[in-house]
Amino acid sequence: MVARVAGVFDEKLTEAIANSKVLVVGAGGIGCEILKNLVLTGFPNIEIIDLDTIDVSNLNRQFLFHKEHVGKSKAQVAKDSALSFNPNVNIVAHHDSVISNDYGVSYFKQFNIVMNALDNRVARNHVNRMCLAADVPLVETGTAGYAGQVELIKRGLTQCYECLPKAPQKSFPGCTIRNTPSEPIHCIVWAKHLFNQLFGEEDPDQNVSPDTADPEAAGDAGASALNAKESETGNVERKSTRMWAADTNYDPEKLFSKLFGDDIRYLLSMENLWKKRRPPTPLVWDNLPGKDDSPAKHSGLPDQRVWSVSECAKIFATSCKALEADLKSRADGDHLVWDKDEKSAMDFVTACANVRAHIFNIPLKSRFEIKSMAGNIIPAIATANAIVAGLAVLRAQNILKGNIEVCTSVYLRPKVNHRGQLFVPEKTLTTPNPKCFVCAPKAEVALACNLKQLTLKDLNTALKEGLNMQAPDAAVEGKGLVVLSSEPGETDHNNHKTLEQIGLNDGCALLVDDFLQNFEVRVRLQQEDDEKSWRLVTDMDAPMPEPKEDKPTNGANGSEPKPGPSRPKDDSDSDMEIIEEDEGVETTKPPKRRRIEMSDEVVELC
């Protein structure tokens with residue numbers, strides 16, 4: 001391959017590539033491109049990890065996958081396809097979660113470079129900590145529409161993935177959108193996709209039907225995506241949602257019954273999804289909650305009142321007919337474009353999002369809130385994925401050559417800037433945040449809470465959600481008293497006791513560690529009588545944002561909502577943008593250019 005062609009690489013780089021071993025985490029849009037680039041560059045030893053299976057909607061941009069691969073492991077198929085480019089490469093594929101106990105610090109230490117192509121924050125946090133503990137360079141990648149970035153994370157030299165606080169998660173796997181929503185934004189994205197399926201430009205990535213290729217569903221469910229008869233050309237023929245709706249003359253009752261009744265009952269038949277989740281509740285058009293109730297009194301603006309389910313159904317019917325009339329008034333083949341300022345379009349999305357939220361036991365939102373969240377969803381662009389993957393492999397080459405100082409963060413801009421640049425690099429490496437609770441030499445964070453109300457079980461939740469730990473253990477500093485153990489049964493008897501009842505007081509310091517992540521942090525308890533839940537702070541004045549904006553009500557164990565992080569007073573849903581999963585929000589002095597966190601794909605379809 002390229003590395004073996006005389007004159008392409010210098011002797012030092014050629015030897016470094018030949019002796020290297022690389023781990024690629026994620027086999028989606030960027031992961032496929034990275035794997036292809038590594039293979040064609042001549043990297044001889046590669047391992048790739050991905051938990052997902054291939055869905056039909058992946059095929060238009062994840063080029064290593066084809067129709068016959070639907071329902072199969074992304075990692076395994078990516079390996080097989082990449083070997084067709086260079087059969088001499090040794091590729092090991094893992095159809096597994098990188099968070100699994102099988103991939104600890106010792107596993108990461110065997111690699112020269114780790115390359116992240118992930119689409120969720122939990123896994124990114126975990127890989128970040130593993131690479132810091134193993135002292136292995138991590139190349140982090142992400143895209144959002146036509147924008148993207150590549151950055152190096154190296155212990156002691158650069159800031160880590162968690163050095164700067166991040167806004168709440170803004171992008172989600174497609175199987176979450178279609179099968180297991182747990183937050184209002186999941187329902188809003190689904191409702192926008194439904195609008196396009198019925199009235200807008202149809203996109204296979206925006207399928208709203210239950211996802212049979214969900215890796216959590218029945219083992220052979222993914223293959224059902226291909227169980228339709230094929231035409232003479234080999235294409236699977238299916239009736240589109242648009243065609244079906246048109247055949248019913250966009251009858252609101254028939255549409256409602258299919259989307260919020262039949263499809264939900266089909267999801268319930270995928271029993272594996274509901275073993276640890278509260279199952280959804282199908283609705284019947286003639287028997288909706290609040291049908292006979294009068295509208296709730298509301299003193300604010302009309303758009304700030306939350307509609308009842310029955311009101312949503314009525315508005316759904318009205319908006320469907322209005323949108324149908326608008327569509328029929330246009331030329332054949334034309335379509336509507338969703339606009340948050342167009343009344344019928346916004347009413348449709350609000351009604352559908354709230355009905356779906358009710359079905360999945362998720363808090364309903366006002367039209368005003370949904371409008372603010374629905375206006376900024378960015379699509380995935382295959383070209384941006386390819387560009388970012390190419391930049392990532394170039395960075396990997398410099399790392400192997402020992403030229404770490406030139407591996408500054410690079411930003412791909414949607415259009416050239418005033419200097420005529422499409423690729424904008426930082427001038428220097430971005431140094432670590434000295435207050436980072438992950439990579440600082442003496443990691444410390446304060447937990448603001450009401451010790452008289454917060455239970456030990458709530459503390460465990462705070463450590464897992466606030467500090468992104470997997471299996472936290474906590475002991476009182478100076479006393480060695482273990483108050484929280486990750487070993488089942490050791491401290492469970494105290495779960496419902498408050499922190500005050502187990503002897504913890506204001507200013508008390510806990511030494512908290514997670515053996516799975518080789519991560520340790522000092523947590524100082526800070527009494528606040530007015531704090532209803534908990535809040536993390538790095539100092540007295542700088543609150544640390546939590547990884548989740550709203551605690552979902554349909555928890556993984558199907559129980560009632562647990563206390564979650566309280567939100568800063570100035571936080572608002574109207575600030576939301578769908579840019580990754582994580583768009584950085586800086587509270588410390590930023591580097592010269594604003595760091596932008598982006599995902600592999602804004603709605604990564606499983």
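Leaving aside its neighbours within four places in sequence, which residues is Cys436 in contact with? They are Cys160, Glu162, Cys163 and Ala443, where contact means heavy atoms within 4.5 Å.

## Basis of the model

This is a predicted model, in which local features need pLDDT of at least 70 and side-chain atom pairs count only at pLDDT 80 or more, while totals for chains, interfaces and linings use all residues. Residues are numbered from 1 along each chain as its sequence is written, and side-chain values use heavy atoms, with hydrogens and water left out.

## The chain as a whole

The protein chain holds 14 helices and 15 strands. Helices (H or I, at least four residues) and strands (E, at least two) are DSSP runs, numbered from the N terminus. Of the 606 residues in the protein chain, 55% are buried. Buried means under 20% relative accessible area, exposed means over 50%, and partly exposed lies in between, with a 1.4 Å probe and protein chains only. Among contacts in the protein chain with a separation of 6 or more, 70% are between residues 24 or more positions apart.

## The annotated cysteines

The UniProt record, an unreviewed entry, places the feature "binding site" at Cys160, Cys163, Cys436 and Cys439. These four residues span 280 residues in sequence, yet no two of their C-alpha atoms are more than 8.5 Å apart, so they gather at one spot. UniProt positions are given in the numbering used here, feature names are shortened, and annotations may be inferred rather than shown by experiment.

Cys160 lies in the loop between strand 6 (147-153) and helix 6 (174-178). With 0% relative accessibility, Cys160 counts as buried. Cys436 sits in another part of the sequence, in the loop between strand 8 (423-425) and strand 9 (444-449). Cys436 also counts as buried, at 2% relative accessibility.

Eight strands form an open sheet in the order 3-2-1-4-5-6-7-8, with mixed pairing. Two strands pair if DSSP finds at least two bridges between them. Strand 3 (90-94) and strand 8 are the edge strands, each pairing on one side only. From one strand to the next, the twist averages 15 degrees.

Strand 1 (residues 22-25) and strand 2 (residues 45-49) run parallel and are joined by four bridges. In this pair, Leu23 stands opposite Glu47 in strand 2. Helix 5 packs on the sheet and touches strand 1, strand 4 (113-116), strand 5 and strand 6. The direction of helix 5 makes about 160 degrees with that of strand 5. Angles run from 0 to 180 degrees between N-to-C directions, and axes are lines fitted to C-alpha atoms, for helices over the stretch in contact.

## Helix 10 against helix 11

Two packed helices are described by the angle between their axes and the distance between the axes. Helix 10 (residues 309-328) and helix 11 pack at about 145 degrees, with their axes 8 Å apart. Residues of helix 10 that meet helix 11 include Val309, Ile315, Phe316 and Leu323. On the helix 11 side, Ala345, Phe348, Val355 and His358 are among them. By class, this contact has 12 nonpolar, four polar and one charged residues. Here Ala, Val, Leu, Ile, Met, Phe, Trp, Tyr, Cys and Pro count as nonpolar, Asp, Glu, Lys and Arg as charged, and the others, Gly among them, as polar.

## Strands 10, 12 and 13

Strand 12 (residues 509-514) pairs in the antiparallel sense with strand 10 (residues 472-476) over five bridges. Strand 12 also pairs in the antiparallel sense with strand 13 (residues 519-527), over six bridges. Leu510 of strand 12 stands opposite Val476 and opposite Val523 in strand 13. Strand 12 and strand 13 form a hairpin with four residues between them, and Asn518 in the turn has a positive phi of about 55 degrees.

## Selected loop residues

Asp135 is in the loop between helix 5 (121-134) and strand 5 (138-144). Asp135 is not a glycine, yet has a positive phi of about 55 degrees. With a relative accessible area of 33%, Asp135 is partly exposed. Asn361, in the loop between helix 11 (343-359) and helix 12 (367-374), has a positive phi near 60 degrees. Asn361 is partly exposed, with a relative accessible area of 23%.

Asp251 is placed in the loop between helix 8 (241-247) and helix 9 (252-269). At 26% relative accessibility, Asp251 counts as partly exposed. Asp251 and Glu324 are 73 residues apart in sequence, and their C-alpha atoms are 9.9 Å apart in space.
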